[in-house]
Amino acid sequence: MSSNQQSQREVLSQGVMSTGDGARIFPDVEACIDCGGCVVACKRTWDIGPEAQRISISTMFEGEEADEGYNANSSQALDDGAFPGETAIPMQCYHCENAPCVSVCPTDALQKNDDDFVQVSEDLCVGCQYCLSACPFGAPQFPDEDDGGNAVVGTGGIMDKCTMCEERQDVGKGPACAEECATDAILVGQPGQIADELDKRDRDPFFNDEAMEVIFGEDAEVFD
């Protein structure tokens, strides 16, 4: 590998601070430029067709400017009660510590595994979509949903979502979306590492205290 290729690899990977047991995934909203690279990386890595999307970019107030002094600082704007302007948010399964999807699943198709990733047992999922109603982040997807049948008997097909690229982490690689994010807007690591990185960037978490407790549980306090 040439020195230029190695340099590029480091730039693409610096948002991944650690992987494996206890690693979490979290967005730096201020860094996201809505390029869609994370969506492409995920689809290419896992051969996901056009009907499914395990990560998406949610854009608020598209084309609108923030209040004076708050451009590229939407988190601070919200804290101060100011208008944040256009804000792009990478949305996926954050593998929450207090995962609402796990708590509402009537068939135990959703569970946290030994590495703390929320996983789906396809043979137990009945497509009831309770998880979709419970998740604050819109992570559960139902690509094979039968709209007609679902309206009558709840047959939404098998749920699909971000797996946090667990297979890649098993061999020391980061999730594809984070590895290939050109602006390091998707951070992967222990909660303390993510909090420290946001602090280095002079950023606050975009989500409110209630959402942070859902995502990180007691570890949410490291972001204070």
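How do the residues of the lining of the largest pocket divide into nonpolar, polar and charged? In this predicted model, the lining comprises 7 nonpolar, 3 polar and 5 charged residues.

**Overall fold**
- The chain contains 10 helices and 6 strands.
- Among contacts between residues at least 6 apart in sequence, 66% join residues at least 24 apart.

**The largest pocket**
- The space in the largest pocket amounts to about 280 Å³.
- Its lining is made up of 15 residues, and those nearest the centre of the pocket are F207, N208, D209, M212 and D224.

**The largest nonpolar core**
- In soluble globular proteins, nonpolar side chains tend to be buried together.
- The largest nonpolar core of this model has 55 residues, and the members that touch the most others are F26, Y94, F137, F207 and I215.
- At least two residues of this core come from each of β1 (24–27), α2 (37–46), β3 (87–91), α8 (176–179), β6 (186–189), α9 and α10.
- The element that gives the most to this core is α10, with 5 residues.
- Residue F207 belongs both to the core and to the lining of the largest pocket.
- Beyond residues up to four places away in sequence, F207 touches F26, P27, I89, M91, Y94, F137, M212 and I215.

**Residue R201**
- R201 is located in the loop between α9 (191–200) and α10 (209–216).
- The relative accessibility of R201 is 19%, and R201 therefore counts as buried, since the limit for that class is under 20%.
- The side chain of R201 forms a polar contact of 2.8 Å with the side chain of E197.
- When neighbours within four places in sequence are set aside, R201 is in contact with D28, A31, T183, D184 and L187.

**Residue L132**
- Helix α5, which spans residues 130–134, contains L132.
- L132 has a relative accessible area of 34% and is therefore partly exposed, as this class lies between 20% and 50%.
- Apart from neighbours within four places in sequence, L132 is in contact with P140 and F142.
- The C-alpha atoms of L132 and F142 are 9.1 Å apart in space, and the two residues are 10 residues apart in sequence.

Technical notes. Residues are numbered from 1 along each chain as its sequence is written. This is a predicted model: local features need pLDDT of at least 70, side-chain atom pairs count only at pLDDT 80 or more; totals for chains, interfaces and linings use all residues. Side-chain values use heavy atoms; hydrogens and water are left out. Helices (H or I, at least four residues) and strands (E, at least two) are DSSP runs, numbered from the N terminus. Buried means under 20% relative accessible area, exposed over 50%, partly exposed in between (1.4 Å probe, protein chains only). A polar contact is a pair of N or O atoms within 3.5 Å; within protein, one must be able to donate a hydrogen and the other to accept it, and residues adjacent in sequence count only if both atoms are side-chain atoms. Contact means heavy atoms within 4.5 Å. On a 1 Å grid over the protein atoms alone, a cavity is a set of points where a 1.4 Å probe fits but cannot get out, and a pocket is an open set with protein on both sides within 12 Å along at least five of seven lines; lining residues have an atom within 4 Å of a point. Grid points are joined across faces, edges and corners, and a volume is the space filled by probe spheres set on the points. Ala, Val, Leu, Ile, Met, Phe, Trp, Tyr, Cys and Pro count as nonpolar, Asp, Glu, Lys and Arg as charged, and the others, Gly among them, as polar. A nonpolar core is a set of buried Ala, Val, Leu, Ile, Met, Phe, Trp, Tyr and Cys residues joined through side-chain atoms within 4.5 Å.
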